[in-house]
Amino acid sequence: MFQIGKTIVSEDIIQKDFLCNLSACKGACCIDGEAGAPLDKEETKIMEDIYPKVKPFLRKAGIKAIEAQGTFITTELGDFETPLIDGADCAYVIFDNKGTALCAIEEAYNQGEISWKKPVSCHLYPVRVREYTEFSGVNYEKWDICDDACALGKELQVPIYKFVKEALIRKFGEDWYVELEKVATTFK
């Protein structure tokens with residue numbers, strides 16, 4: 001672990017490789033698991049605001065789940081997440097003609113309907129950020145459904161921090177990322 005500003009960062013972020021391989025996993029991270037995507041408090045308002053423009057991109061099951069549960073849910077611990085369809089798929093998941101899970105929010109963004117790409121937790125994946133009182137923990141979340149992404153990242157020599165560069169800058173800023181790159185050079 002090392003510190004950059006008010007973050008404690010796992011060395012895995014710079015030492016392990018990762019590159020999403022959607023052709024292999026079909027977007028399993030959006031349809032497997034027991035919870036929706038984590039949301040920051042500020043993102044809950046965005047989710048409410050963008051829903052009318054995202055709705056035309058959603059599947060009927062996603063619309064039904066969102067209209068029953070809301071554009072986000074609050075967990076028993078007080079955390080915010082995207083709602084799920086029958087306890088499985090994220091309600092915002094759509095599928096392409098090859099059966100690959102995609103994000104309706106990101107699709108609306110790509111088509112110029114909204115200016116917000118998607119929840120930062122999704123953008124950062126496989127990096128997870130946990131907020132504490134005095135600092136944020138920045139960790140790699142290893143999940144066996146991403147084994148193909150790890151293999152592809154290793155083959156193409158793409159460390160996690162480079163794969164999620166845009167998302168890390170979005171979350172922590174350009175200066176923070178420059179510091180991360182400096183630390184990464186000391187590990188080589």
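In what order do the three strands of the open sheet lie, and is their pairing parallel or antiparallel? The strands are arranged as β3-β5-β4, and the pairing between them is antiparallel; two strands are taken to pair if DSSP finds at least two bridges between them. The edge positions belong to β3 (38–39) and β4 (73–74), each of which pairs on one side only. Between β4 and strand β5 (residues 80–81), which run antiparallel, there are two bridges, and T74 stands opposite F80 in β5.

The structure is a predicted model, in which local features need pLDDT of at least 70 and side-chain atom pairs count only at pLDDT 80 or more, whereas totals for chains, interfaces and linings use all residues. Residues are numbered from 1 along each chain as its sequence is written, and side-chain values use heavy atoms, with hydrogens and water left out.

The protein has 10 helices and nine strands, where helices (H or I, at least four residues) and strands (E, at least two) are DSSP runs numbered from the N terminus. Its radius of gyration is 17 Å, close to the 16 Å that the globule rule gives for 188 residues, so the protein is as compact as a globular protein of that length; the radius is taken over C-alpha atoms, and the rule is 2.2 Å times the number of residues to the power 0.38. The C-alpha trace spans about 50 × 40 × 30 Å along the principal axes of the protein. Of the 188 residues, 43% are buried, a term that means under 20% relative accessible area, with exposed meaning over 50% and partly exposed in between (1.4 Å probe, protein chains only). The protein exposes about 10500 Å², of which carbon and sulfur atoms supply 50%; accessible areas come from the Shrake-Rupley method with a 1.4 Å probe, and for residues only the protein chains shown count as cover. Among contacts with a separation of 6 or more, 65% are accounted for by residues 24 or more positions apart, contact meaning heavy atoms within 4.5 Å.

Strand β9 (residues 136–140) is largely enclosed by the rest of the structure, because four of its five residues are buried. Strand β2 (residues 7–9) pairs with β9 in the parallel sense over three bridges, and V9 stands opposite V138 in β9. Strand β8 (residues 127–131) pairs with β9 in the antiparallel sense over five bridges, with Y140 in β9 as the bridge partner of V127. The strands β8 and β9 form a hairpin, with four residues between them.

Both β8 and β9 are also among the elements that cover the buried residues of helix α9. In this helix (residues 165–172), A167, L168 and F172 are buried. Seen down the axis of α9, its buried residues fall within an arc of 105°, so they line one face of the helix; the arc is that of the directions from the helix axis to the C-beta atoms. G173, with a positive phi near 100°, follows α9.

A one-sided arrangement is also found in helix α4 (residues 60–69), whose buried residues are G62, I63, A65 and I66. Seen down the axis of α4, these fall within an arc of 165°, so they line one face of the helix, and they pack against α3 (41–54). The face turned away from the buried side of α4 carries the exposed residues K60, K64, E67 and A68. Just after α4, G70 takes a positive phi of about 110°.

Two individual residues may be considered in turn. S121 lies in helix α6 and is buried, with a relative accessible area of 10%. The side chain of S121 reaches the backbone oxygen of P38 at 2.6 Å, and S121 touches A37, P38, V127 and R128 when residues up to four places away in sequence are not counted. K53, which has its place in helix α3, counts as partly exposed at 47% relative accessibility. Not counting residues up to four places away in sequence, K53 touches A108, E113 and I114. K53 and D89 are 36 residues apart in sequence and 20 Å apart in space, C-alpha to C-alpha.

Terms used: Polar contact = N/O pair within 3.5 Å; in protein donor to acceptor, adjacent residues only side chain to side chain.
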